[in-house]
Amino acid sequence: MPVNKVVQSFDKAIADIGDGASIMVSGAQGPLGVPRNLLLALRRKGVHNLTLITATGYRSVSAARFYGFPHAEDWIDHGILIDNHQVSKVICAMAYVPGRDSILQKQYEAGEVELEHLGHGPFIIRMWAGAAGLGGVYQPVGIGTILEQDKEKRVIDGREYLLEMPLTADFALVGADKADSYGNLVYKGTGRQYGPIMAKAARVTIAEVDEVVEPGGLAPESIVTPGIYVQKVVRAPPEVCK
Amino acid sequence: MKERLDEQTMALRVARELQDGWYVNLGFGIPALCTNFIPENKTIFFFAENGLLGFGRNADYDEAGRLGWRYVDAAAHPVLPVPGMAVFDYAEAFDMIRGGHIDCTVLGGLQVSGKGDLANWRLPIYKGKGGTIGGAMDLAACCKRVFVVMTHTEKSGKPKIVRECTYPLTAKGCVDLIVTDIAVIRVTERGLTLEETAPGWIAAEVQELTEASLEVSPNLRVMEL
């Protein structure tokens, strides 16, 4: 049987994601790398009680409006799952700006959503530990700050480090430029974002791409995320913002 | 009221500290204005934590549209590619930061202490877990040099250079240089040294607006602007 990871619809691609799943979602800066159609499918499916592992705790509508994207109000990113009350826990690097009409803030203060606010480096290094099969990593960021709380501290060669535990997820949703049918991915511009690290850290990675090619259609040297990390591929329709 | 430097002039002063060939991160706000003040005979590689090294100036909307929003910086501003630019992912970017490969970060500040502690990610009025840490703690703790550019006092007149930070810390003992709208202050093992004053200001006036005590450099001079 020839391997073909390409799935024909977004709804099929996310069919295995059920209530209570943990999901990493790439994309936060700019329009590239955001798996929009997978997120829309997840909203349609209406699964609940999700753990969302992502850069920000908000939808970047204001940024989209500021930069003049067409239909900024309809801006789609991981934030739509929070807005739609499908999330019960958020693990992120940037939680929310208090007072700026944050839906996460409201849900967090009402006790509906649990929040782990990590900062960027610790957020990434924890996924890296999960991706690489490590039991934890000592890293130097957050000494003397709120990030120290409840963490083991160790001095190595005179410098203080905090122990970060590995972070994995049931699923990763990533956006990329091209895939072949074996799941090898290449990205465009600054659209890589968290794609490479999340694809490695999750048990099942679903990639939304602009173009699908046959095996051999991508130069082996150009591949950023090897297909071993990618279980499903689905092609996005052409979009205004892209 | 004595005249203070405006934001562009503060950025000009701190930009002069950036050396040819450095890999430099600029924070949001005043730090980002430094790009306006790099002379043509200097090559500075600007770093964005979302995965860009050596990028060009901000693109306007038309330019960004033509490029398909291909390159954006860490604030999602579209930027122009320049020859020699490199793209990568967030994990690579934070290895560059954490591994101490970035020569310098220029950050904004809410408070800096006499020991060089920095607080810049969250106002204390926020309740619970709010705020956005982002890459601030990584940059402050791990870049080779940390320059802070900020107004010398809060709008209320309250000093921002304090004995101990009362706002949530970003990193301990990380700051090397503070450029404000009235002074340039270096952080050393002994504390804070006042090296320059803005035109029209004398050391005693700067100290009056500074809670931490300043040692006046024997080479104290007026900022050249």
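A residue is counted as buried if 20 or more other C-beta atoms lie within 10 Å of its own, as exposed if 12 or fewer do, and as partly exposed in between, with C-beta atoms placed from the backbone. The model is predicted: local features need pLDDT of at least 70, side-chain atom pairs count only at pLDDT 80 or more, and totals for chains, interfaces and linings use all residues. Residues are numbered from 1 along each chain as its sequence is written, while chains are lettered from A and ligands numbered from 1 in the order in which they are written.

Gln139(A) has 23 C-beta neighbours inside 10 Å and therefore counts as buried. Helices (H or I, at least four residues) and strands (E, at least two) are DSSP runs, numbered from the N terminus. Gln139(A) belongs to strand β5 of chain A, residues 137-139. Two residues are in contact if their C-beta atoms, placed from the backbone, lie within 7 Å. Neighbours within four places in sequence aside, the contacts of Gln139(A) include Gly121(A), Pro122(A) and Ile125(A), and also Arg98(B). Ala176(A) is 37 residues from Gln139(A) in sequence and 29 Å away in space, C-alpha to C-alpha.

Arg98(B) also takes part in a helix pair. In α6(A), His120(A), Gly121(A), Ile124(A) and Trp128(A) meet Tyr90(B), Ala91(B), Phe94(B), Ile97(B) and Arg98(B) of α3(B). Nonpolar residues are Ala, Val, Leu, Ile, Met, Phe, Trp, Tyr, Cys and Pro; Asp, Glu, Lys and Arg are charged; the others, Gly among them, are polar. This contact of α6(A) with α3(B) has six nonpolar, two polar and one charged residue. The axes of α6(A) (residues 120-132) and α3(B) come within 10 Å and cross at roughly 115°. Such axes are lines fitted to C-alpha atoms, for helices over the stretch in contact, and angles run from 0 to 180 degrees between N-to-C directions.

The whole contact between the chains takes 42 residues from chain A and 38 residues from chain B. On the chain B side, α3 (90-98) and α4 (136-142) each supply at least two residues. The largest share, five residues, comes from α3(B). By class, this side of chain B has 21 nonpolar, ten polar and seven charged residues.

Chain B has five helices and 13 strands. Two strands pair if DSSP finds at least two bridges between them. Ten strands form an open sheet with mixed pairing, in the order β4-β3-β2-β1-β5-β8-β10-β11-β12-β13. Strands β4 (86-87) and β13 (214-222) of chain B are at the edges with a single partner each, so one side of each has no neighbour in the sheet. Strand β1(B) (residues 23-26) pairs with β5(B) in the parallel sense over three bridges. Asn25(B) stands opposite Thr105(B) there. Helix α1(B) packs on this sheet, touching β5, β8, β10 and β11 of chain B, and its direction makes about 160° with that of β8(B). In α1(B) (residues 7-15), Met10(B), Ala11(B), Arg13(B), Val14(B) and Ala15(B) are buried.

A second open sheet in chain B has three strands, ordered β7-β6-β9, with mixed pairing. Strands β6(B) (residues 111-113) and β9(B) pair in the parallel sense over two bridges. Ser113(B) has Val162(B) of β9(B) as its bridge partner.

Of the 225 residues of chain B, 47% count as buried. The C-alpha trace of chain B spans about 55 × 45 × 30 Å along its principal axes.
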